[in-house]
Every structure is written in structure tokens, then in C-alpha cells.
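Hello,

Here is the structure I promised to pass on to you. Please open it beside this email and follow along as you read.

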Amino acid sequence: MSITITKAGAAAVSVTYNVVLIAAKLVAAILTGSVAMLSEALNSSIDLVASVIALVAVRRADVPADREHPYGHQKIESVAATIEGMLIVSVAGFIISESAGRLISGETAIESVGIGIVVIAFSTVSAAAVGLFLREQARVHRSPALEGDAAHLSADAITSFGVLLGLLAIQITGAEWVDSAVAIALSLFIIVTGINIIRKAAGILVDETLPAEEMDRIEEAIARVRPPEVVGYHKLRARTTGTRRYIEMHVQFRDGTSLEQAHGLAHGLRNAIEGALRDAEVLIHVEP
């Protein structure tokens with residue numbers, strides 16, 4: 001049975017979790033001297049910043065529309081997701097630089113590997129659990145900011161698992177260079193994750209059209225209730241703002257159709273489309 005809480009509540013869970021995790025990873029990084037562990041602590045620090053951004057964004061996004069923002073404030077979530085993606089890419093670049101420097105200089109001394117293994121094992125399991133929880137909340141609330149936050153933690157779980165394997169390899173073989181190599185490999189994965197978050201959020205900010213399956217549902221809804229008075233339609237456009245879908249179209253009516261009748265039929269088309277898509281708002285321009 002899934003648990004659903006408010007968007008702000010889900011973001012607050014992420015903030016609290018990241019504070020605890022950062023403290024544990026920093027202690028482990030200091031005790032072990034592991035650059036991979038340090039990279040995980042930095043990664044979680046970025047997660048914390050992203051979680052705070054998401055918390056602020058989801059609170060602001062729910063503010064009703066006003067005179068300055070007639071379409072509401074929901075695109076703030078997409079702006080937050082873009083910032084999160086940029087932060088991910090930036091920290092990954094820093095980790096690669098630090099790890100490459102260690103490989104070149106040969107400064108790879110690792111101590112107290114056992115402590116690192118315990119901390120990173122906890123990080124792997126807990127990040128996966130919290131990430132799945134946030135992903136479900138993002139799906140329920142259709143929140144780009146929470147989705148970006150969930151992506152952070154899912155990536156954190158994967159990178160933590162990689163670090164765990166690296167520390168186990170060091171414990172077994174003594175090959176300390178593995179630490180820096182693992183950090184570089186995982187940072188490349190983090191960069192791909194960040195770029196994907198930026199691309200998705202940017203699509204919303206530039207009014208990218210709805211996914212093909214949603215456009216098909218709009219066409220199907222029109223075909224299902226299209227009255228004989230409608231001879232055609234064109235300029236069908238759709239975009240997303242936060243959780244809302246805004247759809248516009250021009251509908252042409254047969255000669256002799258009264259304005260009152262056309263208006264009523266247009267309402268029927270609007271209701272069919274809004275019934276086919278969740279959180280949709282349809283604007284129909286009536287044409288002779």
C-alpha cells in the first residue's frame with residue numbers, strides 16, 4: 001500500500017534524509033581518506049541543495065495565478081529542476097578532476113576501509129528507498145521538482161553501490177587506485193543523469209508539445225464526440241506548465257450553425273478533452 005503525502009512534505013523528507021546522510025559520509029571520508037567516499041559526500045551535499053530548491057519550488061508553485069502570472073507559478077518547478085541538473089553536472093566535473101589528480105600523483109592511501117563499507121552500504125539501501133518514495137510522490141503530484149529530487153537520490157543509490165564495490169575490492173586486493181577509478185566512472189554516470197534532468201525541464205520551459213500518446217488521446221476524444229456540425233479543426237496546440245496541460249484549437253462549423261449552438265458544441269468538445277487528460281484546460285476558437 002503506497003503512502004501519499006503533500007509535495008512540500010515529500011520535499012521535507014528529502015531534506016532531512018540528506019542532512020543525516022551527508023554527516024555520515026563526511027565522517028567516513030575523513031576516516032578513510034577515500035576520494036570516492038568524498039565524492040559521495042559532495043554528491044549528497046548537492047542533493048541537499050537540490051532538495052531545498054525543490055522544497056521552495058513546490059511551495060511557490062502552488063501559489064494561485066495572479067495579475068503578473070495569469071498562468072500560475074508552476075513553471076518554477078521546471079526552473080528548479082534545471083538548477084538541480086546543472087548542480088549535478090558541476091559536482092561530477094569536480095569529482096573527475098580530483099580523482100584524475102590522485103591517479104596521476106599516486107596519492108591514493110586508503111584507511112579504515114571497514115567503516116567506509118558500513119556507511120556506504122547504508123547509503124545505498126536508504127537512498128534507493130527514499131528515491132523510490134519520492135518518485136512515487138512525483139508521479140502522484142506530477143511534480144517536476146520532486147521528480148528531479150528523486151532522480152538525484154536514485155543516482156546516489158547507484159553511485160553509492162559502485163563505491164561500495166570499489167571499497168570491497170580495495171579490502172580484498174589492496175589495489176587503492178580502484179578508489180579514484182570508481183569515482184571517475186560514477187561521475188560520468190552522474191553527468192548523464194544531470195543532462196537528462198536539464199533536457200526534460202528545458203522542454204517544459206520552452207513550451208514543448210505534449211508526448212505523442214497524450215496528443216493521440218486528444219485526437220481520440222475529439223473523434224469520439226465530434227458532432228456533424230463540425231466540419232474540421234486545425235491549429236491544435238498543447239503545452240505543459242507544471243502539472244497543467246494547456247490545449248488550444250480552432251474548430252470550424254457548418255454554414256447555418258448559430259453562435260449559440262456552436263458555443264454549446266465547443267463546450268462538449270472541451271469537456272471530452274479535459275476528461276481524457278488529467279489537469280487539462282482547453283481553449284477553443286470557433287470559426288464558420
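First, some ground rules. This is a predicted model, where local features need pLDDT of at least 70 and side-chain atom pairs count only at pLDDT 80 or more, while totals for chains, interfaces and linings use all residues. Residues are numbered from 1 along each chain as its sequence is written, and side-chain values use heavy atoms, with hydrogens and water left out.

**The sheet**

Three names will come up here: β1, β2 and β3, which make an open sheet of 3 strands in that order, with mixed pairing. Helices (H or I, at least four residues) and strands (E, at least two) are DSSP runs numbered from the N terminus, and two strands pair if DSSP finds at least two bridges between them. β1 (230–241) and β3 (280–287) are the edge strands; each has a single partner, so one side of each has no neighbour in the sheet. On average, neighbouring strands are turned by 15° against each other, direction ignored. Axes here are lines fitted to C-alpha atoms, for helices over the stretch in contact, and angles run from 0 to 180 degrees between N-to-C directions.

Helix α7 (residues 212–225) packs on this sheet and touches β1 and β2, and its direction makes about 150° with that of β1. Contact means heavy atoms within 4.5 Å.

Which way do β1 and β2 pair? They are antiparallel, over 9 bridges, and Gly 232 sits opposite Gln 252 in β2. Strand β2 (residues 244–253) and β3, by contrast, run parallel and are joined by 8 bridges. Ile 247 faces Val 282 in β3, and His 250 has His 285 of β3 as its bridge partner.

Of the 10 residues of β2, 7 are buried, so this strand is largely enclosed by the rest of the structure. Buried means under 20% relative accessible area, exposed over 50%, and partly exposed in between (1.4 Å probe, protein chains only).

Gln 137 is in helix α4 (residues 113–141) and counts as buried, because its relative accessibility is 0%. Leaving aside residues up to four places away in sequence, Gln 137 touches Ile 3, Thr 4, Ile 5, Ala 10, Arg 142 and Leu 146.

In helix α6 (residues 177–205) you will find Leu 205, which is partly exposed at 32% relative accessibility. Ile 204 also lies in helix α6, but counts as buried at 16%.

Enjoy exploring!
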